[in-house]
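Here's a quick tour of a protein model, written for someone just getting started. Have a look at the structure first, then follow along with the points below.

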Amino acid sequence: MRLAWKELTYNWKKYLLVEIIVILMMFMVLFLSGLVSGLGRAVSSGIETMDASAFVLGKDSEKLITVSSLTDAQYKKLQDEYGSRQTPLDIQRAYLQKASSDKKIDVTYFGIDPAGFLAPKTYAGTGLSAGKGEVILDDAFQDKGIKLGDTVEDSSSGVKLKVVGFTKDKMYGHVSVAYVSVDTFDAMGERGNPMYQKAVHAVAISGRLAAHVKGTESYTKAQIVEALPGYKAEQMTITMVEWLLMAITAVIIGVFFFVINMQKEQEFGVMKAIGTSTAKVSCTIVSQVFLIAALGAAIACGLATAMSAALPASMPFYLVPAQVAVVLVAFVAVSILSSLASVARVARIDPAKVIGGDFQ
Amino acid sequence: MSETILGMSGIVKSYADGEEQRCVLDHVNLSVGAGELVAVVGPSGSGKSTLLNIAGMMLSPDEGDVAICGRAVSHLPQRAWTKLRREQIGFIFQNHQLLPYLTAEEQLTVMLGADRTATRELFGELGIANVATKHPAQLSGGERQRVAIARAFATNARLILADEPTASLDSERGRQVVQMIRQEAHQRNKAAVMVTHDQRVLDLVDRVFRMEDGKLIAV
């Protein structure tokens, strides 16, 4: 280890270049990691942050709350079964606009029971009251110039909604969520579409599932999130790029060290000739790779954390410490594995070449 | 005769040269006692380096036995050879072969685990106390070779093997270097074998051998 460190510091210019490449590439890996979680949350945070453990949907709804509907009889049975452990949930993609403007803004309405456990925590303003015509918005709407106390209008029905509160980190399918009461939700539906059929889309359950109600299907929260349109495809694609890039970076370190160590064959020959064991020589190489990889990972992690703090809230970037740790540890491990190519080569160097000037 | 440090008997070594087998060492015997400096001279390719490699436990002979300090070593496994090289043999190579990233004293302390005070003392004896904390790139050719000599003396190995130690030095510095090896051998009762081309230093050695056609002949 001491020998490894002495060589790194003596040839610091060479190793600094390697280190910079490692830092940049690992930064890219962590950037992707942040993007995976960020985009994941942009699709699912509205569901993910709910206190529900499971959802009961109508049959043939393909795990999609938006297309599900429960009959009155089914809903009644669920109410009897679960009592306060259940609460209704309606979801509808739509547009809303500021009272003073024609510009439509994408929104996902969550129709909830203001007294149920799906009522969002607000960091500004109050909760929804039992009455109609109130809305709680995700804080992304603040970036669009909507303030507490403003009145917004649902674009298709023209129903006016008063902004009574803001909540954080609530997105559904890349669109920010607006919470309204089930009554308001139905009122908008009826005004916008004469054929509107009033029905509860789904029921959120807190705690364990009880007896099955005929004609319904129940799913865990994770199953519902997985089935969100685009969620799985996005996550898989970016995660694959992230891990591939991590592996490539680790292999690049291995290749760098292979080339660097090829130029040092004479030094290794001398070390062996004066009685340094192959184990000690190998240990030197592995610890150099470990130092370069671990240091690069740590610095890249620092940079990514700093960037995460500097990015605006609307950017889908979110670092999950556990995921970051897994990718960094995997990176250091794969780097060490790739350094074994150098070790294998150095182990075969014949010290006898030093005498007789074969190395000159 | 004094205690035998290096004993080589009946050493045979041949290499494949194209399709033929070329015999580089043909039943060579060499015995070097404590307190003795021996030189081996001969034309290039005569087998001097091979002889030194076999004496230095880096190459195994096809036939014959090597004994260091009276202990037969040629049959031991590779791992034991490495340990023996570290503990029993001090090497001086052509062109010093110091590690560029270690300071002069680290060549001894880090690589061989030598004691720092003893290292400083040794550097004083060899007249290089002032360069202890410098890297090889900052030293003159003579200073580098003296650091390399200090490395060979540091472990108190009884056997010193030198491969063309004067090759890159002018005649005055070359003589100084051989004198240092001679002094170490005589004063500390070590055995030293030096392979050389340099005729000018042969008056400093105790015995001279000539390597010719795989045979070692006393001169």
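Predicted model: local features only at pLDDT ≥ 70, side-chain atom pairs only at ≥ 80, totals over all residues.

Residues are numbered from 1 along each chain as its sequence is written, while chains are lettered from A and ligands numbered from 1 in the order in which they are written.

- Buried means under 20% relative accessible area, exposed means over 50%, and partly exposed is in between (1.4 Å probe, protein chains only).
- Cys301(A) counts as partly exposed because its relative accessibility is 26%.
- Over in the other chain, Cys23(B) is partly exposed too, at 38% relative accessibility.

**A strand with two partners in chain A**

- Strands (E, at least two residues) are DSSP runs, numbered from the N terminus, and two strands pair if DSSP finds at least two bridges between them.
- How many residues of strand E3 of chain A are buried? Seven of the eight are, so to speak, under cover in this strand, which spans residues 105-112.
- On one hand, E3(A) runs antiparallel to strand E2 (residues 86-98) of chain A, with eight bridges joining them.
- Six residues sit between E2(A) and E3(A), and the two strands form a hairpin.
- Leu96(A) has Ile105(A) in E3(A) as its bridge partner.
- On the other hand, E3(A) runs parallel to strand E9 (residues 175-181) of chain A, and five bridges join that pair.
- There, Ile112(A) stands opposite Ser181(A) of E9(A).

**Two domains in chain A**

- Domain bounds here come from an automatic or database domain assignment. For chain A, this gives domain 1 (2-44 + 232-354) and domain 2 (54-207).
- Taken over C-alpha atoms, the centres of domain 1 and domain 2 of chain A are 47 Å apart.
- Contact means heavy atoms within 4.5 Å. Seven residues of domain 1 of chain A touch seven residues of domain 2 of chain A in this sense.
- Buried area is the accessible area (1.4 Å probe) that two parts lose on being put together, summed over both. Between domain 1 and domain 2 of chain A that comes to about 530 Å², with carbon and sulfur atoms giving 42%.
- Arg41(A), Ala42(A) and Val43(A) are the residues of domain 1 of chain A that lose the most area to domain 2 of chain A, together 68% of what that side buries.
- A salt bridge is a side-chain nitrogen of Lys or Arg within 4 Å of a carboxyl oxygen of Asp or Glu. The count between the two domains of chain A is one salt bridge.
- Arg41(A) also forms a salt bridge with Asp169(A), where the closest N and O atoms are 2.3 Å apart.

**Where chain A meets chain B**

- Contacts link 25 residues of chain B with 24 residues of chain A.
- Chain B and chain A bury about 2400 Å² between them, and 64% of it is on carbon and sulfur atoms.
- The rule finds one salt bridge across the interface of chain B and chain A.
- Glu106(B) and Lys6(A) form a salt bridge, with their closest N and O atoms 2.7 Å apart.

**Inside chain B**

- Four strands make an open sheet in the order E2-E1-E4-E5 (chain B), with antiparallel pairing.
- Strands E2 (20-33) and E5 (71-72) of chain B stand at the edges with a single partner strand each, so one side of each has no neighbour in the sheet.
- Strand E4 (residues 63-68) of chain B pairs with E5(B) over two bridges, and Ala67(B) stands opposite Ala72(B) there.
- Is Lys13(B) buried or exposed? It counts as buried because its relative accessibility is 9%.
- Lys13(B) lies in strand E1 (residues 4-17) of chain B, and beyond its neighbours within four places in sequence its contacts include Cys23(B), Ile54(B) and Asp62(B).
- Ile89(B), in strand E6 (residues 89-92) of chain B, is buried with a relative accessible area of 3%.

Key
Heavy atoms only, no water.
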